[in-house]
Amino acid sequence: MTAGQAAACEEFADICRSVWNTGLEQRRAYRRRGAWMNYVPQAGELADAKREHGWLKAAPSHVLQQTLRDLDKACRDHGTFKVRWRSKARWSPSFRFPAGSLITVERLGRKWGRVKLPKLGWVRFRFSRPLGGEIRSATVSRRSGHWFVSFLVDDQAVTPKRHAMPDTSVGIDRGVKSAAVTSDGDFHDWVFITSGETTRYRRLQQRLARSKRGSANRAKVIAAMNTVMGRVSDRRGDFCAQMASRIVAKNALVVLEDLRIRNMTASASGTLAEPGRQVAQKRGLNRAILDKGWHRLELSLTSAARYTGTVVVKVNPRIHVAAVFRLRLRRRTQP
């Protein structure tokens, strides 16, 4: 991606963020009056706004419409007042081209290819894996200071009605010492951040605390921190994907604890009137849970199960692990 294309992507993402925040504020205003606003009238008002505000025309129309569709789905799934704002400081810029017919991909070699995107032209990218199907959409996002393009493809795969080994099952216990322990007695874990990266990240945090808000130096420090944690996130995602692939290939039934991870990792600091207890200990537990990628493992299992016919079941944490472990140990001890 050239510097001009990177600047255009930044502009597209800023416009999409503005459309999202404006649409969300409008929906909340309607809900306060007891009314409801959905995608259709907002899309019409967006077309009118483009005539009055020329800066909206810089981004492709179907990209802005897709932003409103994503907002509509988020509000229906989670509630209008629970959907978050997209802050310029905290939100990772991204936008999606929903029209697969307008996207052309060409392979330039073993490692490199190029894609033609509306208003961006030919964009060179690294071919990490074959597409394997018809392109339906393309998402452009920025992470750790680099721009990425990901494709949604239709691979024509159908979920099997029956698993290859239908009488197999496994229970998974997620923990903070080991990322996951199965009822077969297997421990799955990996070190996602090295000691050197830990030291570097701590020093960057110290520099961040001394930097002035809004300064160029602060932006550089944040970019360096994002680079370190981006590598950690990639390792965690790779670990979860590989583990999920192995588990669903060998088991027709996967049982997980139904954990409220968001509630479990909530801050215990409390308020000035009612300060929390054991805040430092709770902070350490939150970091350990998030570091092991509990939610990401659950998503990886659900995604991988579509290709094998595996059923993923979530049960009450009080009865899940003990019951499954007793069952598996009983089978092993029987002569």
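# Close-up views of the predicted model

**View 1. A polar contact of 3.3 Å links the side chain of Glu298 to that of Arg174.** A polar contact is a pair of N or O atoms within 3.5 Å; within protein, one atom must be able to donate a hydrogen and the other to accept it, and residues adjacent in sequence count only if both atoms are side-chain atoms. This is a predicted model: local features need pLDDT of at least 70, side-chain atom pairs count only at pLDDT 80 or more, and totals for chains, interfaces and linings use all residues. Residues are numbered from 1 along each chain as its sequence is written, and side-chain values use heavy atoms, with hydrogens and water left out. Glu298 sits in helix α8. Helices (H or I, at least four residues) and strands (E, at least two) are DSSP runs, numbered from the N terminus. Glu298 counts as buried because its relative accessible area is 11%. The classes are buried (under 20% relative accessible area), exposed (over 50%) and partly exposed (in between), with a 1.4 Å probe and protein chains only. Beyond its neighbours within four places in sequence, Glu298 is in contact with Arg174, Leu256 and Lys314. Contact here means heavy atoms within 4.5 Å.

**View 2. The second largest pocket holds about 340 Å³ of space.** Leu259, Arg260, Ile261, Arg262 and His295 are the closest to its centre, out of 16 lining residues. Helix α8 supplies the largest share, 4 residues. By class, the lining has 7 charged, 5 nonpolar and 4 polar residues. Ala, Val, Leu, Ile, Met, Phe, Trp, Tyr, Cys and Pro count as nonpolar; Asp, Glu, Lys and Arg count as charged; the others, Gly among them, count as polar. A pocket is found on a 1 Å grid over the protein atoms alone, as an open set of points where a 1.4 Å probe fits, with protein on both sides within 12 Å along at least five of seven lines; lining residues have an atom within 4 Å of a point. Grid points are joined across faces, edges and corners, and the volume is the space filled by probe spheres set on the points.

**View 3. Asp189 occupies the loop between β9 (187-188) and α4 (195-210).** This residue counts as partly exposed because its relative accessibility is 32%. The side chain of Asp189 makes a polar contact of 3.0 Å with the side chain of Lys292. A polar atom of the Asp189 side chain also lies 3.4 Å from the backbone nitrogen of Ala179. Leaving aside neighbours within four places in sequence, Asp189 is in contact with Lys177, Ser178, Ala179, Phe239 and Lys292.

**View 4. Arg27 lies in helix α1 and makes a side-chain polar contact of 3.3 Å with Gln42.** Arg27 is classed as buried because its relative accessibility is 1%. Outside four places in sequence, the contacts of Arg27 are Trp36, Met37, Asn38, Tyr39, Gln42, Leu71, Asp72, Cys75 and Thr80. Gln26 also belongs to α1, which spans residues 3-32. On the same terms, Gln26 is in contact with Met37, Gln42 and Glu45. The C-alpha atoms of Gln26 and Leu301 are 37 Å apart, and the two residues are 275 apart along the chain.

**View 5. Lys119 has a positive phi, near 65 degrees, though not a glycine.** Lys119 lies in the loop between β3 (112-117) and β4 (121-126). It counts as exposed because its relative accessibility is 53%.

**View 6. Gln156, another residue other than glycine, has a positive phi of about 65 degrees.** Its place is the loop between β6 (146-154) and β7 (169-174). Gln156 is exposed, with a relative accessible area of 59%.

**View 7. The protein chain has 9 helices and 11 strands.** Its C-alpha atoms fill a box of roughly 80 × 55 × 50 Å along the principal axes. Of its 335 residues, 36% are buried. Among contacts between residues at least 6 apart in sequence, 65% join residues at least 24 apart. The accessible surface comes to about 21,000 Å², and 52% of that area belongs to carbon and sulfur atoms. Accessible areas come from the Shrake-Rupley method with a 1.4 Å probe; for residues, only the protein chains shown count as cover.
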